[in-house]
Amino acid sequence: MKTPPDSLGSSSSSSVGSRVNASPANNSPCLSRSQSFSREIGHAASETYLITLTLLRYLGLGRRWMLRLLALLLYAMLLMPGFLKVLYQFCISSQVHRSIIYGDQPRNRLDLYLPNNIDGPKPVVIFVTGGAWIIGYKAWGALLGLQLAQRDIIVASIDYRNFPQGTISNMVDDVSQGISFICKNISEYGGDPNRIYLTGQSAGAHISSCALFLQAINEFKGESVSWSISQIKAYFGLSGVYHLPNLIEHFERRGLHRSIFLSIMEGEESLKQFSPEMIIEDPIVRNAFSILPRIILFHGTKDFTIPPLASTTFVEALKQAGVSADLILYKGKTHTDLFVQDPLRGGKDELFDYIVNYIHAGDANALAKVANAPARKRLCPEPLLKLAGMVSPF
C-alpha cells in the first residue's frame, strides 16, 4: 500500500476538500514536522485563549471554580512526567498524522494513529474524548492512540466544538461528521471501513452515543445519511452520561452549575432529545434501534464524577429494547483511573486488554502479534499516580 497523504478531502463537502488540500500544515513538502507541530500548537493556543476568556464570562471566578482549577493544575503537575513522555512520542512519531481537517468548523480536526506495519486492512477505533463538554481536546486521546496502534489498531481521535464555542447539537454534528469522514476515507490509510469501533469517554461517551442513536433514527426514517450504522462493529462507552435529567443535581453539587449545564444542553426542553436512555424508551422510534451494534459500557465503582448507576440503568434500558448490551464494572476504580492513571501505570490493564482482544477476536494472526507485543511501559512513578488520584477534581 502506498503511503497516504497527511490529509484527505471529505467527499461530503467540496469546500471541506479544498480547505484540506490547501492546508500547508498537512500537505506542503517544504514544511518540516516541527514546523507543522508549531502551527498546530499556535492554533490550539489561540483557540484556548479565546475560549477561556469567553468561558470566564459564564463561570465567573467563584470560590468553587477556583478550587477546582487549582486541583486540576495540581493533578496535571503530578502526572507531568507521564504526560511529557506521551507528548514526546506524539511529536516525534511518523505514525501520528495530526490535525486532519474533516469539516468547516475551527475544531473539525482529528488525529490518526497508525500501526508501524500496514500489511492489510486494519480495524479502526474512532475515539471521542471527554472534558465536561467544555475542555475536550483530541490530544487527550494520544496515550490510547499510541498504545492501540502498537496493537495493530488504527485510532482516529476526533476533536469537536466545546462550550461556549458550541452547544450539544453542534458537538453531536461535529462528531457525526468526523465519523462520516473516517468511514469514507480510512481505507486510504490502511483501515478497514467495515471494522470500525466507536468509542467515547465521559462527556465523549455521551456525545458519541447521541451521534450513534441519531444516525439509527435517520436510517430508520429513510433519510439521506453520509455513513452507515452497519460500518460500526461495536460501541464502547467509558464512564459515560446517558440520562441528563438524572444528573443535573449531581453535576450542580460537583461544581457544574445548573445554568451552565442547561446552556450547554440548549435548555431543559432539549434534555430528552440528548439523553440516549430516554430516546430508546420512546415508542415512536423504538424500532430504529434494532440496527444498533453491540454496546459495551465500562465504569468504575468509585466514580464520583459520573456515578456507575448511569451506565447500569442505560444497559437495562438497552436490553429491554432488544439491543445487545453489556456492562463491565471495575471495582474501586475512579473516573480517571480507567483512562488516565491505569494507562500511565503500564503493564497489564484489564480495560485495555479487553478492548484489544475484543477487536481482534477471530483474527489469529493479530492475536499472535498482540501476545508477542512488548509490555506497556510505566510512564509515571506510582507515588505520583496515587497522589494524583487523591487530588483529582474529577
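Helices (H or I, at least four residues) and strands (E, at least two) are DSSP runs, numbered from the N terminus. This is a predicted model, where local features need pLDDT of at least 70, side-chain atom pairs count only at pLDDT 80 or more, and totals for chains, interfaces and linings use all residues. Residues are numbered from 1 along each chain as its sequence is written, and side-chain values use heavy atoms, with hydrogens and water left out.

View 1. Of its 394 residues, 54% count as buried (under 20% relative accessible area; exposed is over 50%, and partly exposed is in between, with a 1.4 Å probe and protein chains only). The chain exposes about 17100 Å², and carbon and sulfur atoms supply 58% of that (accessible areas come from the Shrake-Rupley method with a 1.4 Å probe, and for residues only the protein chains shown count as cover).

**View 2. Leu70 sits in helix α4 (residues 63-78).** Leu70 counts as exposed because its relative accessibility is 51%. Together with Met66, Leu67, Leu69 and Leu73, Leu70 forms a nonpolar patch on the surface, with about 440 Å² of accessible area in total. Patch residues have over 30% relative accessible area and no salt bridge; like charges are joined within 9 Å, and nonpolar side chains (Val, Leu, Ile, Met, Phe, Trp, Tyr) within 5 Å. A salt bridge is a side-chain nitrogen of Lys or Arg within 4 Å of a carboxyl oxygen of Asp or Glu.

**View 3. Now for the largest nonpolar core, made of 71 residues.** A nonpolar core is a set of buried Ala, Val, Leu, Ile, Met, Phe, Trp, Tyr and Cys residues joined through side-chain atoms within 4.5 Å. Trp133, Ile179, Ile182, Phe213, Phe261 and Phe289 touch the most other members. Helix α8 (residues 203-220) gives this core its largest share, 9 residues. Apart from it lies another core of 38 residues, including Val125, Phe352, Val370 and Leu379.

**View 4. Strand β4 (residues 154-158) is mostly covered, with 5 of its 5 residues buried.** On one side are Ile154, Ala156 and Ile158, and on the other Val155 and Ser157. Strands pair if DSSP finds at least two bridges between them. Strand β2 (residues 109-113) runs antiparallel to β4, joined by 4 bridges, and Asp111 has Ser157 as its bridge partner. Strand β3 (residues 122-128) pairs with β4 in the parallel sense over 5 bridges; here, Val124 partners Ile154.
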